[in-house]
Amino acid sequence: MLTAYSQCEIAFRDTLIHKAEGRALDRLGLFYGFPRLAIFERQYFRKALLEVAFGRRGTYRTLFKALEALFDQYSVRKGTRTIM
């Protein structure tokens with residue numbers, strides 16, 4: 001089976017928060033001291049991990065932005081449209 005990426009490219013992508021997928025993203029969370037819980041989907045966890053990794057340390061803004069990113073999955077309604 002042909003793959004679109006070489007082994008070097010796959011290893012490189014596994015170290016980037018923006019491009020890591022699956023278990024590689026979970027491992028990055030562990031490396032940053034922010035493990036993913038199973039209740040959070042990976043797309044929302046990625047946003048929170050970016051805020052934790054690159055946000056200002058020790059500020060409330062970082063905490064609130066990470067929590068907002070994690071719990072954003074519960075504020076999005078799936079399958080319904082709202083017209084304003």
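# Briefing: an all-helix predicted model

The protein has four helices and zero strands. Its elements run α-α-α-α from the N terminus on. The model is predicted. Of its 84 residues, 26% count as buried.

**Overall surface and contacts**

- The protein exposes about 6900 Å². Carbon and sulfur atoms supply 59% of that area.
- Take the contacts in the protein with a separation of 6 or more: residues 24 or more positions apart account for 37% of them.

**Nonpolar core**

- The largest nonpolar core has 15 residues. Phe34, Phe45, Ala48, Leu49 and Leu70 have the most contacts inside it.
- Helix H2 (23-31), H3 and H4 each supply at least two residues of this core. H3 gives the most, with five residues.
- In soluble globular proteins, nonpolar side chains tend to be buried together.
- Leu49 is one of the residues with the most contacts inside the core. Setting aside residues up to four places away in sequence, Leu49 touches Ile17, Leu25, Leu28, Gly29, Tyr32 and Phe34.

**Helix H2 and what follows**

- The buried residues of H2 are Ala24, Leu25, Asp26, Leu28 and Gly29. Leu25, Leu28 and Gly29 are also among the residues that Leu49 touches.
- H3 is included in what covers the buried residues of H2.
- Gly33 follows H2, and its phi is positive, near 80°.

**Packing of H3 against H4**

- Two packed helices are described by the angle between their axes and the distance between the axes.
- Helix H3 spans residues 42-54 and helix H4 spans residues 60-75. They pack at an angle of about 175°, with their axes 8 Å apart.
- Angles over 145 degrees count as roughly antiparallel, so H3 is roughly antiparallel to H4.
- From H3, the contact is made by Tyr44, Phe45, Lys47, Ala48, Glu51 and Val52. From H4, it is made by Arg61, Thr62, Lys65, Ala66, Ala69, Leu70, Asp72 and Gln73.
- The residues of this contact divide into seven nonpolar, two polar and five charged.
- Phe45, Ala48 and Leu70 take part in the H3 and H4 contact. These three residues are also among those with the most contacts inside the largest nonpolar core.

- Arg13 lies in helix H1 (residues 7-13). Its relative accessibility is 21%. Buried means under 20%, so Arg13 counts as partly exposed.
- Arg13 touches Tyr5, Lys19 and Ala20, not counting residues up to four places away in sequence.
- Arg13 and Leu25 are 12 residues apart along the chain. Their C-alpha atoms are separated by 9.9 Å.
- Lys19 lies in the loop between H1 and H2. Lys19 is partly exposed, with a relative accessible area of 39%.
- Beyond its neighbours within four places in sequence, Lys19 is in contact with Arg13 and Arg46.
- Lys19 and Arg46 are 27 residues apart along the chain. Their C-alpha atoms are separated by 9.5 Å.

Terms used: Residues are numbered from 1 along each chain as its sequence is written. This is a predicted model: local features need pLDDT of at least 70, side-chain atom pairs count only at pLDDT 80 or more; totals for chains, interfaces and linings use all residues. Side-chain values use heavy atoms; hydrogens and water are left out. Axes are lines fitted to C-alpha atoms, for helices over the stretch in contact, and angles run from 0 to 180 degrees between N-to-C directions. Angles under 35 degrees count as roughly parallel, over 145 as roughly antiparallel, 65 to 115 as roughly perpendicular and the rest as oblique. Contact means heavy atoms within 4.5 Å. Ala, Val, Leu, Ile, Met, Phe, Trp, Tyr, Cys and Pro count as nonpolar, Asp, Glu, Lys and Arg as charged, and the others, Gly among them, as polar. Buried means under 20% relative accessible area, exposed over 50%, partly exposed in between (1.4 Å probe, protein chains only). Accessible areas come from the Shrake-Rupley method with a 1.4 Å probe; for residues, only the protein chains shown count as cover. A nonpolar core is a set of buried Ala, Val, Leu, Ile, Met, Phe, Trp, Tyr and Cys residues joined through side-chain atoms within 4.5 Å.
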